[in-house]
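Me: I'm new to reading protein structures. Could you pick one part of this one, look at it closely with me, and then show me how to go on from there?

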Amino acid sequence: MSGRRFALALLGCLALAGCDNGKEPSFQGWIEAELIFVGPDESGRVETLTVREGDQVERGTLLFTVDPDLQLADVAMQEAAVKNAQLAYDRAHQLAKTQVGTQKALDEAEAALRTAQARLNSVQTRLTRRKVFSPVTGSVQQIYYRGGELVPAGKPILALLPPGNLKVRFFVNEATLPKLKFGDPVTITCDGCDGDIVAKISFISRASEFTPPVIYSVEERSKLVFLIEARAERPDRLRVGQPVSVTLGQSQ
């Protein structure tokens, strides 16, 4: 048997494990997480890190701060620009009242003042965002940068896992696929789980996995498998990467 055919046969066995003896089919799966990656808008050095891996955090909790030196300098520069623009506007307004200045000069001074104020608001926002708060309630899964380390723009400092972002993934064969629809219940069992866990199907793949786009014989068609995802009603009882068994329907 070629390596390709052996891999397909092994996958078919795993996907359909436990379907003998007239029992309800059981499918092998695993628990996967959709992590929330949190990082600064701009590059900088981590100044404080207020959480550790494994901590439970509420939405709005301070996670870390990044050094604000450049942003503070920008704020000071734009505050000076606003003051100068305000003085220019006041002079233009006074001259317009005495009919020495023109309306055009007053309009230009007013536009310059508004532009300076907008730029000040922008740099103040950048300064505020050097303190980063948790966007969700969940647990700290991993920390990638520690205090004192330089973080490039766009890189996450840590990863959060909200409880609802856990899902079970498993494969079913082509014959089983028509029996499934969104919202159908499935039952999850695993070693160490305190009883069965109910989940509902949230995703059904439209494409087969690990198979080339060729014409299949009847024998090969039985080896086609499709990815299914389901969300558990009690995700707090599951762990990332945990192997599980999935049966269709809800256990009584």
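Reply: Happy to! Let's start with the lining of the largest pocket, whose residues divide into six nonpolar, four polar and two charged. Keep in mind that this is a predicted model. The pocket holds about 210 Å³ of space.

Glutamine 242 counts as buried because its relative accessible area is 15%, under the 20% cut-off. Who surrounds it? Setting aside neighbours within four places in sequence, glutamine 242 is in contact with Gly29, Trp30, Ile31, Cys190, Asp191, Cys193 and Arg237.

From here we can turn to the largest nonpolar core, which has 27 residues. Val168, Phe170, Val172, Leu180, Val186, Ile228 and Val244 touch the most other members. Strands E1 (26-33), E10 (166-173), E11 (185-189), E12 (197-208), E13 and E14 each give this core two or more residues. Take phenylalanine 170 as an example: beyond neighbours within four places in sequence, phenylalanine 170 is in contact with Phe27, Gln28, Gly29, Val186, Phe226, Leu227, Ile228 and Val246. Apart from this core lies another, of 15 residues, including Val38, Leu63, Val66 and Val151.

Definitions and conventions
Residues numbered from 1 in each chain as written. Predicted model: local features only at pLDDT ≥ 70, side-chain atom pairs only at ≥ 80, totals over all residues. Heavy atoms only, no water. 1 Å grid on protein atoms, 1.4 Å probe; cavity = no way out; pocket = protein on both sides within 12 Å on 5 of 7 lines; lining within 4 Å. Points joined across faces, edges and corners; volume = space filled by probe spheres on them. Nonpolar A, V, L, I, M, F, W, Y, C, P; charged D, E, K, R; others polar. Buried < 20%, exposed > 50% of the residue type's maximum accessible area, 1.4 Å probe, protein only. Contact = heavy atoms within 4.5 Å. Core = buried A, V, L, I, M, F, W, Y, C linked by side-chain atoms within 4.5 Å. Helix = DSSP H or I, 4+ residues; strand = E, 2+ residues; numbered from the N terminus.
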